[in-house]
Amino acid sequence: MMRVTGWLGLAMCVAAGVARAEMVSVVQITDMRGLTAFEVMSREEYAAIQKEIKEEMAVYQAAAADAKKEWDANKENKLPFQGNRIKPRSVKKVGADFSDREKADKRKAQLEERAAEKQLEEMEKESKKKKGKESEDDIAKEEARVKAYDDAFAMISKRMGDKLGRPVPSIGFAFEAAPEKGSDAKKDDKKADKKDEKKAGGH
């Protein structure tokens, strides 16, 4: 009887260990530009990205200071260095852990949908504010600010990457993949043109 109880206890411990190993979390990652993304991660994956971010935070201040020095030394730069708008990456869990990855994926999809809706609302509000009110001078100033911000991001990211020996991950936009479809379409068009040329040559 004691032997059966012992095996039962061992089986329960193994089952508990497997359950812990399968636990996943929905996490929110914010990149250096403030863009966010949601991912489903295991405990190991979450620990790994926390370690990466800790390393990035350790080199951020020196990288930003070096970038500011270079910016200020360039007399062609009329705007102040935008480094204060560039922050180290961050990650946090959203809600409780899941033992079912499928449920975690559904939660991730819900969060992504809400974030997309909120972003769209903010873009529409901003568009309404600016509609018909911006002069060419205002537009030029805004473009200069955007460029200064992009330059600051690139400069800090490069220096951080040099110090870390790896690039700092950045969240992109989904529509950046769109041109690839167009390029495939162009390839298909070229193939079709070549076939037509061969047919014409055959006649």
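Start by selecting Met32, Phe81, Ile86, Ile156 and Met160: in this predicted model, they have the most contacts inside the largest nonpolar core, a set of 17 residues. α2 and α4 each supply at least two residues of that core, and α4 gives the most, with 7.

Now zoom in on Met160. Which residues does Met160 touch, leaving aside those up to four places away in sequence? Show Met32, Glu56, Val59, Tyr60, Ala63 and Val168, and you have them.

Next, colour α4, residues 136–164. Its 29 residues reach 42 Å from first C-alpha to last, close to the 42 Å expected. Pick out its buried residues, including Ala148, Tyr149, Phe153, Ile156 and Met160; α2 (43–73) is part of what covers them. Just past the end of α4, click on Gly165, which takes a positive phi of about 80°.

Over to the sheet. Select the 3 strands and you'll see an open sheet in the order β2-β1-β3, with antiparallel pairing. β2 (36–42) and β3 (90–93) are the edge strands, each with a single partner, so one side of each has no neighbour in the sheet. From one strand to the next, the twist averages 30°.

For a closer look, take β1 (residues 24–30), which pairs with β3 over 4 bridges. Ile29 has Val91 in β3 as its bridge partner.

Finally, bring the helices back. α2 lies across β1, β2 and β3, at about 130° to β2. α3 (residues 101–130) also packs on the sheet, touching β1 and β2, and its direction makes about 175° with that of β2.

Notes. Residues numbered from 1 in each chain as written. Predicted model: local features only at pLDDT ≥ 70, side-chain atom pairs only at ≥ 80, totals over all residues. Heavy atoms only, no water. Expected span 1.5 Å × (residues − 1). Buried < 20%, exposed > 50% of the residue type's maximum accessible area, 1.4 Å probe, protein only. Contact = heavy atoms within 4.5 Å. Core = buried A, V, L, I, M, F, W, Y, C linked by side-chain atoms within 4.5 Å. Pairing = 2+ DSSP bridges. Axes fitted to C-alpha atoms, helices over the stretch in contact; angles between N-to-C directions.
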